[in-house]
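Please find below a short note on the model under review.

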Amino acid sequence: MDSLEEIARLVRHCTDCPLSAGRTNAVPGEGSADAEIMFIGEGPGYQEDRQGRPFVGPAGQFLEELLASIGMTRQNVFIANMIKCRPPQNRDPSPSEMSACSKYLDRQIELIDPKIIVTLGRIALSRFFPGESITRVRGTLREKDGRFIYPIMHPAAALHRQDSRPVIIEDFKGIPAVLDQVRAKLLHSPVAANAPAQTPPAKQLSFFE
Ligand code: URA
């Protein structure tokens with residue numbers, strides 16, 4: 001898989017797990033190939049399945065408001081999901097569905113090589129930190145395998161629980177500072193200064209361990 005377009009094509013034709021049988025459209029993800037920020041949600045819901053695009057339902061509307069609050073749009077970032085097909089009744093994706101789908105997300109991350117990955121909710125958090133509690137780590141920058149991860153709660157949480165809304169807004173407002181922090185670390189890393197452009201310097205570093 002050499003490009004995001006190729007991944008999207010393969011995702012749309014994928015039959016590697018039973019979710020493919022129930023989909024209207026697969027949802028590969030979308031946004032800028034040069035994005036510094038990549039968002040990872042859980043999986044498509046009703047609207048996403050109908051339209052083949054990530055975060056276009058009520059949670060997506062809130063995500064767009066959150067992006068606007070930090071002066072960004074969907075076009076500036078990349079938005080993906082853990083799984084690319086909608087599970088029945090929007091249930092949590094199963095471990096086998098996530099494992100069948102992970103090759104696509106893994107390659108999207110490699111190709112985009114974002115400076116930070118913002119995980120939305122506990123399912124996306126578990127990809128990087130299995131067993132970790134979202135309430136414990138939300139709003140704090142972490143590093144895993146050379147990638148910088150900023151976990152926040154899922155925007156859909158605010159639709160069910162009003163008290164989570166200000167928490168999500170607050171954590172989201174932290175994104176520009178976190179991005180600056182990571183940019184500065186990469187800039188001042190001796191590895192970054194000498195590395196060819198394709199080599200992500202963050203992979204050499206371990207700031208948070
Ligand atoms: N929730 C998600 O996790 N992803 C979407 O694309 C939409 C809602």
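The numbered points below begin with the basis of the model.

1. This is a predicted model, in which local features need pLDDT of at least 70, side-chain atom pairs count only at pLDDT 80 or more, and totals for chains, interfaces and linings use all residues. Residues are numbered from 1 along each chain as its sequence is written, and side-chain values use heavy atoms, with hydrogens and water left out.

2. Around the ligand lie Gly 41, Glu 42, Gly 43, Glu 48, Pro 54, Phe 55, Asn 81 and His 154, each having a heavy atom within 4 Å of it.

3. Polar contacts are pairs of N or O atoms within 3.5 Å. A nitrogen atom of the ligand lies 3.0 Å from a backbone N or O atom of Gly 43. A polar side-chain atom of Asn 81 is 2.8 Å from a nitrogen atom of the ligand. In the side chain of His 154, an N or O atom is 2.8 Å from an oxygen atom of the ligand. The protein covers 92% of the 240 Å² of accessible area that the ligand has on its own (Shrake-Rupley method, 1.4 Å probe).

4. Six strands (DSSP E runs of at least two residues) form an open sheet of mixed pairing, in the order S1-S3-S2-S4-S6-S5; strands pair if DSSP finds at least two bridges between them. Strand S1 (30-31) and strand S5 (142-144) stand at the edges with a single partner strand each, so one side of each lacks a neighbour in the sheet.

5. S5 runs antiparallel to strand S6 (residues 147-152), joined by three bridges. Arg 142 has Ile 149 as its bridge partner in S6.

Definitions and conventions: A polar contact is a pair of N or O atoms within 3.5 Å; within protein, one must be able to donate a hydrogen and the other to accept it, and residues adjacent in sequence count only if both atoms are side-chain atoms. Helices (H or I, at least four residues) and strands (E, at least two) are DSSP runs, numbered from the N terminus.
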